Amino acid sequence: MSDPSAGDRPSGGAARQIINAEAGASVYAVLQGDLHIRNGYPVYQIVPVPSEHPGVSGPQTAMRPSVLLAAENAVVGFRGREDETALLRSWRDAPEAGVTALLVHGPGGQGKTRLAAHFTQGSSGEGWRVCEAHHLSDPTAYQVVQPGELGDALLLVVDYADRWPLDDLLLLLLNPLLRVPGRRTRVLLLARAAQSWWPALRHRLTKAGYLDARTVPLSSLAPTLPERQRLFDEAGAAFSAALALPQPDTATPPELTGPGYETVLTLHMAALVAVEARARGEEPPLDPAGLSSYLLDREHDFWQNAHDHGGVRVSPAVMGRIVYTATLTQGLGRAEAVAALEQSGALPDAQADAALDDHAACYPVPAGQVDQTWLHPLRPDRLGEDFLALTTPGHSHPAYVPDSWADGAAARLLHAPKGVPGYARPAVATLIDTARRWPHMGRTTLFPLLARDPGLALAAGGAALAGLAELQDTDLDVLQAVNDLLPHQLNVDLDTGIAVLVKRLTEHELATDTDDRTRGRLHQYLAERLTNAGRREEALRETEAAVALRRTVAQREPSLNRELARSLTALGRCLAECGRRDEAVEAAQESIGLLGRESGALSPADKAFLAAAYGGLAMWLAESGQARQAVTAAEEGVARLRELGLSSEGPMAEMLGLLGVRLSAVGSPRAVEVTLESIELLRPHAAAQPQLYEPQLASGLSNVGYMLQGQGRHEESLDALREAIERARRLGKANPDRWDALLSQALCNLSAVLWALGRSAEGLDAAQESVLIRRRLSVTNDAVFSPLLAQSLNNYAITLHLQGERVAALETSAESLAIRERFAAAHPQAYEIDLAKSLDTFAEIRAECRHDLPSALEAARRAVEIFTRWHARMPAAFASALRSVESTLALVTDAAGSPDDTAGAQG
């Protein structure tokens, strides 16, 4: 097995942890997985789901009827959703071990949490270990990290998934504790929205090895009036029983036909209010806002009663302001909660500690839950959002008098003197959700808040950015102010939301601006943001639109050819990422041609861009099988950077690394020297700017490690490859979607070097891991990653054969050959060299196993024919390969003189 020092996990033996803690310290531990700590606390925690509902009782229920609406109390029995439940069960019970994910999404109040609770309760009784994950920002997250051994069948629920920072959600979903060999792990995510963040996450999960990542939109449970009437009646009976009150009559209230009553929560609110109001001799309100107003009046009654009887010290008015603050902050540690109350101006004096205790007395932690946080929000979410809206001046609901204090409360709360507070993310997200149904919250609170400090939108995360952009009446000036602060680099948490925001602004500007040059710039900028979000096909369409517009402009004004050239280079990149390499070469060549004609008038920045364009052309030429032309392009890029005096800069290091690879491909002895020069230039840049240069350094080390082995410098080769793997693993933990391809290449190179040194046993793990990564990546990008999978399979087949795993070696070599046959048939210039390598391996393994010798003989002859042609073109590059395949042909020919022994291929 491979050396654990190379970054691999030990494969066997008992694990042992020794934990020392000083008095007063906190200890967090996790079995079979990774533990991620931020600011002294785990980024997320996993806790078991209670097997039974806590229920409701006591006088507080009568005083605060909204408690009966809480999903966890399950006062109204679960009904319906037979199709969704059957789908969930089918997904859960798939026999394959491994990880799958399923997102259930729908508007607030649609019944997501109740459906999940019903499903998890049934799962617990069928042998599944059911747990739920809570983000650090969740008030329930200050508990244990993981509840011990998770068993062979794990169901993990992630509520409010769209409010998690995307990079933190990936830390959870890619944690090895979900990938224990032999375990079936099912991850059920719940969210309101799905469009902005889920496609990119699903793409990453699929590439990271999730067997399945599907979506279930939750439609209305009661689309027709009879169904609404039935749900209303059932809820009324349940609430009457819980409150020991008579059930109201069942005459259909006219409001059930109106807007808003398509959600289960609104129907339950209507039933609860009907029970309460008629028991008190009042007429229930007729609209959803009136229902919330009624229930919030009962909250006020509760605060007043608690104050009058000495249960709390703060007045009802102050309690309302505390509840307002809590609904925005969503639960905090005590010191942070004190600061939030003081910041918002909710208290008339400095008695924040006493106010926190009073709030906790009115809104205690749910039964059975151990908690260390304060300022729990008003639930359900819908009621909390309505409380914010009705308390804030600007609405037109006459039955609820707003509090003038709320005008500016969110701004006071979020404009903290020490920078953006930690609760900005839930606060801004809650304001956006509220503004969807209450437009005045956008006009009076959200938009002025973000106009003053647009950075708060970035602090709220990608899902919030998307939600802000999707508001129908959003302030476009605010969106532009946020756009001006967007980071230029990739940002896994923000990129999906940035794409939605930029698309909204771009569509608006395209609808009003007729200038082709401006329109070309807009399309190009949107394309860049879509690329960052992983929306490659859309990015390609936008880049094509930019090229078309800029081509038209350049025909009128040739001085603008430089803008067209930049779009053409971007087009080449998009085409290459979509597997259309020949077209990518054409776009890059046109770009270089345009810039070359104006070389005398180019600025230093334009000249640097031209040098980089040669680098792109070199990559795409190589991928198209034009090896010599690729070397020429890379050398031109290096020469132009030297002319600019950039010999020690990061771009030069990157270009030298590219040149080294291209020289190696044509057998040049300069390849090692050039690549080592690149690595030495990269090291200080990677230390100063790791986000930009660490990937290039890891790639360079991987490449030079393979090259050094060819020169007999074995220890240097292994050192370089192990360092490459270590760096690639670090990158992959932060963003596996982007950097696992780099790790797979380093592993593939290491396995090849080890079997060449006669140490195939050490290379087996590396070869297998490289295959697993590339097999996963090829699922979503066949054109790019299937050829690389064939490379890993070829190395793996050789390693298996050397280890005596003959049947597996035969099967693996056949799979590698089949992939390369497919690609070489479509693009012989690009892929027939790789095809010849797989033909050689296929033939050699069969000859030594005395298995299917006719096929082996045919394969060996084809490999010789291919390398003979390439040797005629480039003798230095292919002399060794030709000798190797000729030796294989001789081996197969000798073996063919003996009886074909298919029985010899037994593992």
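Let's start with helix α9, residues 316-329, and helix α10, residues 334-344: their axes come within 10 Å and cross at roughly 120 degrees. That angle is why α9 counts as oblique to α10. Please keep in mind that this is a predicted model.

How does α9 pass α10, in a left-handed or a right-handed crossing? The crossing is right-handed. On the α9 side, the residues that meet α10 are Ile-322, Thr-325 and Thr-329, and their partners in α10 are Ala-340, Leu-341 and Ser-344. Sorted by class, this contact has three nonpolar residues, three polar ones and no charged residues.

Is Asp-386 buried or exposed? Asp-386 has 1% relative accessibility, so it counts as buried. Who does Asp-386 touch in there? Setting aside residues up to four places away in sequence, the list is Ser-292, Leu-296, Arg-437 and Trp-438. With Ser-292 there is a polar contact, side chain to side chain, at 2.4 Å.

My last stop is helix α18, residues 476-483, where you'll find Val-478. Val-478 counts as buried too, because its relative accessibility is 2%. Which residues is Val-478 in contact with, leaving aside its neighbours within four places in sequence? They are Phe-447, Leu-450 and Ala-451. Take Leu-450: Val-478 is 28 residues away from Leu-450 in sequence, yet their C-alpha atoms are 6.5 Å apart in space.

How values were computed
Residues numbered from 1 in each chain as written. Predicted model: local features only at pLDDT ≥ 70, side-chain atom pairs only at ≥ 80, totals over all residues. Heavy atoms only, no water. Axes fitted to C-alpha atoms, helices over the stretch in contact; angles between N-to-C directions. Helix = DSSP H or I, 4+ residues; strand = E, 2+ residues; numbered from the N terminus. Parallel < 35°, antiparallel > 145°, perpendicular 65-115°, else oblique. Left-handed = near helix turned anticlockwise from the far one by under 90°. Contact = heavy atoms within 4.5 Å. Nonpolar A, V, L, I, M, F, W, Y, C, P; charged D, E, K, R; others polar. Buried < 20%, exposed > 50% of the residue type's maximum accessible area, 1.4 Å probe, protein only. Polar contact = N/O pair within 3.5 Å; in protein donor to acceptor, adjacent residues only side chain to side chain.
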